[in-house]
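Student: Please take one part of this chain and go through it closely. I would like to know how it is built and how it sits within the rest.

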Amino acid sequence: MNSNKFTLISILLVIGAFILFLLSSFMDQYFIGQYTIANKIIMFIGLILLIASWGIYFMGLKQVKPQMTENVITVIACKNCNYREERPFMEGDYVFKELGSCKKCSGTSYIHAIYLVSVKK
Ligand SMILES: [Zn+2]
């Protein structure tokens, strides 16, 4: 959902840049030499819009990545009691990794299991 919004903004910026480039070439044809500075400014703004559209597009791509890891669940268990906790997988998680003291008792909590959840739409 979020990435679609970013894609839409980047497409709108590309369209804006395209219109500015058309306007610039139109001015070049009909007002030869008269609006050269304005022409260059319009071309420059068009170029900035194009670069911004790429930046927004890649920002959108980056935002999608963390959502992928939400489908991996890490199960935390305690060695002493029957405490169980599930949380999204984090980088560096592995089975039997010790995570310090338990939230329920003073025992040692560790990663009991890591599993994948099927993606729901
Ligand atoms: Zn415990």
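This is a predicted model: local features need pLDDT of at least 70, side-chain atom pairs count only at pLDDT 80 or more; totals for chains, interfaces and linings use all residues.

Tutor: S1 and S2 form a hairpin, with five residues between the two strands. S1 covers residues 72–78, and S2 covers residues 84–88. The two strands run antiparallel and are joined by five bridges.

S2 is hardly covered. Of its five residues, the number that count as buried is zero, where buried requires 20 or more other C-beta atoms within 10 Å of the residue's own. In a regular strand, side chains alternate between the two faces of the sheet. For the chain as a whole, buried residues make up 11% of the 121 residues.

As for the rest of the chain, the secondary structure amounts to two helices and four strands.

Residues 37–58 carry the annotation "transmembrane region" in an unreviewed UniProt entry. In the model that span is 100% helix and 0% strand, and its end C-alpha atoms lie 32 Å apart.

Finally, the contacts across the chain: among those between residues at least 6 apart in sequence, 53% join residues at least 24 apart.

Terms used
Residues are numbered from 1 along each chain as its sequence is written. A residue is buried if 20 or more other C-beta atoms lie within 10 Å of its own, exposed if 12 or fewer, and partly exposed in between; C-beta atoms are placed from the backbone. Two strands pair if DSSP finds at least two bridges between them. UniProt positions are given in the numbering used here, feature names are shortened, and annotations may be inferred rather than shown by experiment. Two residues are in contact if their C-beta atoms, placed from the backbone, lie within 7 Å.
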